[in-house]
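The sequence and model are shown first.

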Amino acid sequence: RQARVEMNPQALSLEILMNHFPKHVAEAFVKGENVSEDRKDCATVVFAEIANWKKTREPLDEEQTNNLLERMRKKVATIAHVHGIHLLETIGEKYVGVTNLVE
């Protein structure tokens, strides 16, 4: 059972945008400001997935699998934040991120 958290629409919009864009871009979108083009000479794309995922989830039911994935997503997000990696996409046990985009 999950607790429901009430958020104002602007805070929810910012949270959703920050899951998909760097902080300065998300904040500009919410404020209705233009975002200037950024160019970087070098960026690194990071791809990761959970090793032996099929074997790991085999004994789990759907709820246990979802709980495990959510815990993993939070840990990966924390690690990514610490190392300056912007997560672009999380699909099941797979993660794609990019770094060297924001100073």
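## Elements of the chain

The chain holds 4 helices and 3 strands. The model is a predicted one. Read from the N terminus, its elements follow the order α-α-β-α-α-β-β.

## Strand pairing

Strand β3 covers residues 94-99 and pairs with strand β1, residues 44-49, in the antiparallel sense. This pairing extends over 6 bridges. At one place along it, Lys 94 of β3 stands opposite Glu 49.

Strand β3 is also joined to strand β2, residues 86-91, and these two run antiparallel as well, with 5 bridges between them. Two of the partners can be named here. Glu 89 is bridged to Val 96 in β3, and Thr 90 has Tyr 95 in β3 as its bridge partner.

## The β2-β3 hairpin

What separates β2 from β3 in the hairpin? There are 2 residues between the two strands. Gly 92 lies in this turn and has a positive phi of about 60 degrees.

## Asn 52

A positive phi also occurs at Asn 52, a residue other than glycine, where the angle is near 55 degrees. Most residues other than glycine have a negative phi. Asn 52 is located in the loop that runs between β1 and α3, the latter spanning residues 53-57.

Is Asn 52 buried or exposed? Its relative accessibility is 58%. Because the cut-off for exposed is over 50%, Asn 52 counts as exposed.

## Burial, surface and contacts

The chain has 103 residues, and 17% of them count as buried. Its accessible surface comes to about 8600 Å². Carbon and sulfur atoms contribute 52% of that surface.

How much of the contact count comes from residues 24 or more positions apart? Among contacts in the chain with a separation of 6 or more, such residues account for 46%.

## Summary

Strand β3 pairs with β1 over 6 bridges and is joined to β2 by 5 bridges. The hairpin of β2 and β3 has Gly 92 in its turn, while Asn 52 sits in the loop between β1 and α3.

Note on methods
Residues are numbered from 1 along each chain as its sequence is written. This is a predicted model: local features need pLDDT of at least 70, side-chain atom pairs count only at pLDDT 80 or more; totals for chains, interfaces and linings use all residues. Side-chain values use heavy atoms; hydrogens and water are left out. Two strands pair if DSSP finds at least two bridges between them. Buried means under 20% relative accessible area, exposed over 50%, partly exposed in between (1.4 Å probe, protein chains only). Contact means heavy atoms within 4.5 Å. Accessible areas come from the Shrake-Rupley method with a 1.4 Å probe; for residues, only the protein chains shown count as cover.
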